[in-house]
Amino acid sequence: MLVVKHARVATMTGAQALAGDEPLGLIEDGAVACSEGRIVYVGTAAGAPAGEVIDAGGALLTPGFVDAHTHLVFAGDRAQEHALRLSGVSYLEIARRGGGIRSTVRATRAASDAELLDGAVSRLRRMLDCGVTTAEVKTGYGLSGAEELRMLRIALQAGAASGCEVIPTLLGLHAVPEEASREEWLATAVELLPEAVRLGARGCDAFCEQGAFTQAECTTFLRRGLELGLTAHLHADQLSDSGGAALAASLGCASADHLERASSEGLAAMARAGTAAVLLPLAAWFLRDTPAKAQAFLEAGVTVALASNLNPGSQRIESVSMLLAAGCLFCGLTPAQALWACTAGGARVLRLSDRGVLAAGKRADLVLFDTSDPAHLPYHAGVEHARMVIAAGKTVLVREKACS
Ligand code: NIG
């Protein structure tokens, strides 16, 4: 039995919308014990069971981070597109010129399995170094039946090879492939769903946007995914208010993601339906857009998760401290709310009831930091503060020298 003792244990069992450190559900001078990949004790250090003790010396201990929105299986590099955007050309205009998602599709199709796997494992390891123990990974750069399923397989292999658990999502409606009509691609994507489930997909997703897919197309695809038992997500209201938030709510999606331009009606519909908001402030920053403001969602009673949206086009930063900083500075979350959003929030979005909080019976995913102060993480951003990461009971990172 492993016992992390004398820690400031952030159980994440407080309500997210509360002020100060309340969302963290802190236990001062606490302890967490784990055995066989599960947490068996959370409480005071004085009451902890015996075992192999790690003395935290008063440092912060949280659940492993759950990144609920990534596109991290890809090949190629779009730095030149980034430079073009910095010179004033828009994301949609670059897509119209043949760049954007379709340029990554070309590079991804041309890459070998080994190349794709290597890139995905490197990204997941960098995330694990920050304390991310679960990452959702979307397809969407294959855009043919065989290539989408290849992405799914590689996502799962990358999870097994990296030690960061991957929750794969079939992002069937990301873009229309060059060689198919919209109708043909929609039919193909829908037909792919049962095979994706067989291979291990846990979610389905679509990009509802002008220049991407309509509400009707997203509805057809996601309804079929839901029928097959998948968790549904929707890229919603990113570049325009296309009614995505309300659509996600009406379909029973677990989350609507992006939401920079979601309407107040959309937000109210999400609250009624229990659809969580996945805010992606690093992507908004990358695109020099205005990030969604979290307080409006929290006030309406919507759960807010923060996710990286790691992808080759609109966000290339793996750093969790940068994500926490962006969640606070751009979305207006408090440090405690941002930490909750990256742990309990991410787990809710992925419908993973076995993680995201520290409680007996949950998966033993733990991060021990080099600071006792939760506010330090989004403050001293750009370096990582995890000094020990435990994933499913296994120690996957130990850093001798702290950053603080
Ligand atoms: O979530 N919005 C659509 N998909 C990605 C971007 C993908 C890309 O540009 O390659 C996103 O931001």
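Helices (H or I, at least four residues) and strands (E, at least two) are DSSP runs, numbered from the N terminus. This report looks at the nonpolar cores and the salt bridges.

This is a predicted model: local features need pLDDT of at least 70, side-chain atom pairs count only at pLDDT 80 or more, and totals for chains, interfaces and linings use all residues. Residues are numbered from 1 along each chain as its sequence is written, and side-chain values use heavy atoms, with hydrogens and water left out.

**Nonpolar cores**

A nonpolar core is a set of buried Ala, Val, Leu, Ile, Met, Phe, Trp, Tyr and Cys residues joined through side-chain atoms within 4.5 Å. Buried means under 20% relative accessible area, exposed means over 50%, and partly exposed lies in between (1.4 Å probe, protein chains only).

The largest nonpolar core holds 104 residues. Phe 221, Leu 234, Leu 279 and Phe 297 have the most contacts inside it. Take Phe 297, leaving aside its neighbours within four places in sequence. Contact means heavy atoms within 4.5 Å. Phe 297 then touches Leu 259, Leu 267, Met 270, Ala 277, Leu 279, Ala 292, Val 302 and Val 304. A second core is separate and has 17 residues. Val 32, Ile 54, Leu 358 and Leu 368 are among them.

**Salt bridges**

Side chains of opposite charge can pair when their charged atoms come close. A salt bridge is a side-chain nitrogen of Lys or Arg within 4 Å of a carboxyl oxygen of Asp or Glu. How many salt bridges does this rule give? The count is 19.

| Pair | N to O distance |
|---|---|
| Arg 96 and Glu 93 | 3.4 Å |
| Glu 147 and Arg 150 | 3.1 Å |
| Glu 227 and Arg 224 | 3.0 Å |

Arg 96 and Glu 93 both lie in helix H2 (residues 91–96). They sit three residues apart, about one turn of the helix. Arg 96 is exposed, at 64% relative accessible area. Glu 93 is partly exposed, at 26%.

Helix H5 (residues 145–162) holds both Glu 147 and Arg 150. Again the spacing is three residues, about one turn of the helix. Are Glu 147 and Arg 150 buried or exposed? Both are buried.

Glu 227 and Arg 224 belong to helix H7 (residues 215–227). Three residues apart, they are separated by about one helical turn. Glu 227 is exposed, with 59% relative accessibility. Arg 224 is partly exposed, with 28%.

Salt bridges also form a network. It links Glu 165, Asp 354, Arg 355, Arg 363 and Asp 365.
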